[in-house]
Amino acid sequence: MYCIETKNLSHRFSEKEVVLNNIELQVPEGSIYGFLGPNGAGKTTTLKLILGLLKKQEGSISIFGKPFDKHRIEILKQVGSLIESPSLYTHLTAKENLKIWQKVYQCPMSRIDEVLAIVGLSETGKKKAGKFSLGMKQRLSIAIALLHSPTLLILDEPTNGLDPSGILEIRELLTKINKENGITIIISSHLLAEIEKMVTHIGIINKGEILFQGTLTELHEQQTKTSSIVFETNDNAQTNQILQAKGLQSSIKNEQVIVPFTDRKVIAESVAALVHANIEVYQVSTMKNDLESIFIDLTKN
């Protein structure tokens, strides 16, 4: 079952400025869904439409299997969110900030200490939020989003501006929340390398269109398909001729012979042919495009 599902979701800010074009988002229940794309790709607009912060123009949005239009209040009671930047009362402590939201959500007072413990801010005491580091502010914002015990958490660039230590803290926090509380999380970012260690599913958007959607495993499989086999021998020119004669699209680059990824049996047969031609084969290796390269290629092309 999909926790979030959109169909033909389109949005424009003007007649000529199409921001989203037929977005069909599918966020599985219980997943950590990485919503990836360059700045300006349409990530924030999509999330604002899902939360009802922008008026929907075209298409449909379903959350928890229910049409958002008809069940808005019921759905939003089960959703926690952080869009764009933390919204905090900087002259108040972490606990005082949470007390304000506790009155809004009408949840038990005991929940305040629970969420502070979850995000690791139990010991901040009388320290004002304005004196928090950016990472602490992000964690307090996530605590606010978790206060009413949501089943869906929507986070827009929660690691933006954080140092490597802060990014690691947020990553560990979200993974823990997902595993221990079963909360579905959709997290947007413009950096694949930053969040690939925590997500289970990925959607890549660029210029308002979905370019890829699936599991992290499926993206890894795409990585394999774009890999190359590298031959290092004592005679690149002859090696290239022999491989091309076998129907392989080989080429010489950086004093190596490169072949698009192919079947293992074909590789073995190629090595045997090279040895038969008295060519010294020093090494055969796989040159993989990393996931970030795939992301960059998709969004550029």
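Tutor: Let us begin with strand β4 (residues 32-36), which is mostly covered, since five of its five residues are buried. Buried means under 20% relative accessible area, exposed means over 50%, and partly exposed lies in between (1.4 Å probe, protein chains only). Helices (H or I, at least four residues) and strands (E, at least two) are DSSP runs, numbered from the N terminus. The model is predicted: local features need pLDDT of at least 70, side-chain atom pairs count only at pLDDT 80 or more, and totals for chains, interfaces and linings use all residues. Residues are numbered from 1 along each chain as its sequence is written, and side-chain values use heavy atoms, with hydrogens and water left out.

Student: Which residues of β4 lie on each of its faces?

Tutor: Ile32, Gly34 and Leu36 are on one side, Tyr33 and Phe35 are on the other, and all are buried, so that both faces are covered.

Student: Which strands pair with β4?

Tutor: Two strands pair if DSSP finds at least two bridges between them. Strand β9 (residues 184-189) runs parallel to β4 and is joined to it by five bridges. Within that pairing, Ser188 of β9 is the bridge partner of Phe35. Strand β10 (residues 201-206) also pairs with β4 in the parallel sense, over four bridges, and there Ile202 stands opposite Gly34.

Student: How many aromatic pairs does the structure hold?

Tutor: Rings of Phe, Tyr and Trp (its six-membered ring) pair if their centres lie within 6.5 Å; planes under 30 degrees apart count as stacked, over 60 as edge-to-face and the rest as tilted. The structure holds two such pairs. One of them joins Tyr33 and Phe35, with 6.5 Å from centre to centre and 45 degrees between the planes, and is tilted. Why does Tyr33 count as buried? Its relative accessible area is 0%, and Phe35 likewise has a value of 0%.

Student: How is a nonpolar core read, and which residues have the most contacts inside the largest one?

Tutor: In soluble globular proteins, nonpolar side chains tend to be buried together. A nonpolar core is a set of buried Ala, Val, Leu, Ile, Met, Phe, Trp, Tyr and Cys residues joined through side-chain atoms within 4.5 Å. The largest core here has 45 residues, and Leu98, Leu140, Ile142, Leu174, Ile185 and Ile202 have the most contacts inside it. Helix α5 (residues 134-146) gives the largest share of this core, seven residues. A second, separate core of 26 residues includes Ile4, Val27, Ile186 and Ile205.

Student: What is Ile185 in contact with?

Tutor: Contact means heavy atoms within 4.5 Å. Leaving aside neighbours within four places in sequence, Ile185 is in contact with Ser31, Ile32, Tyr33, Leu153, Leu155, Leu174, Ile177 and Asn178.

Student: How many disulfides does a search of the whole structure find?

Tutor: A disulfide is a covalent bond between the sulfur atoms of two cysteines. In the search, the criterion is a pair of cysteine sulfur atoms within 2.5 Å, and zero are found in the whole structure. Cys3 is buried at a relative accessible area of 2%, and Cys107 is buried at 9%. Cys3 has its place in strand β1 (residues 2-12). Not counting residues up to four places away in sequence, Cys3 touches Val27, Pro28, Glu29, Ser62, Ile63, Phe64, Leu152 and Thr184.

Student: In what order do the strands of the open sheet lie?

Tutor: Four strands form this sheet in the order β13-β14-β12-β15, with antiparallel pairing. β13 (251-253) and β15 (281-287) stand at the edges; each has a single partner strand, so one side of each is left without a neighbour in the sheet. Neighbouring strands are turned by 30 degrees against each other on average, direction ignored. Axes are lines fitted to C-alpha atoms, for helices over the stretch in contact, and angles run from 0 to 180 degrees between N-to-C directions. Helix α9 (residues 236-245) packs on the sheet and touches β12, β13 and β14, its direction making about 20 degrees with that of β14.

Student: Where does Thr262 lie, and is this residue buried or exposed?

Tutor: Thr262 lies in the loop between β14 (256-260) and α10 (264-276), and counts as buried at 19% relative accessibility. Apart from neighbours within four places in sequence, Thr262 is in contact with Ile229, Leu248 and Ile267.
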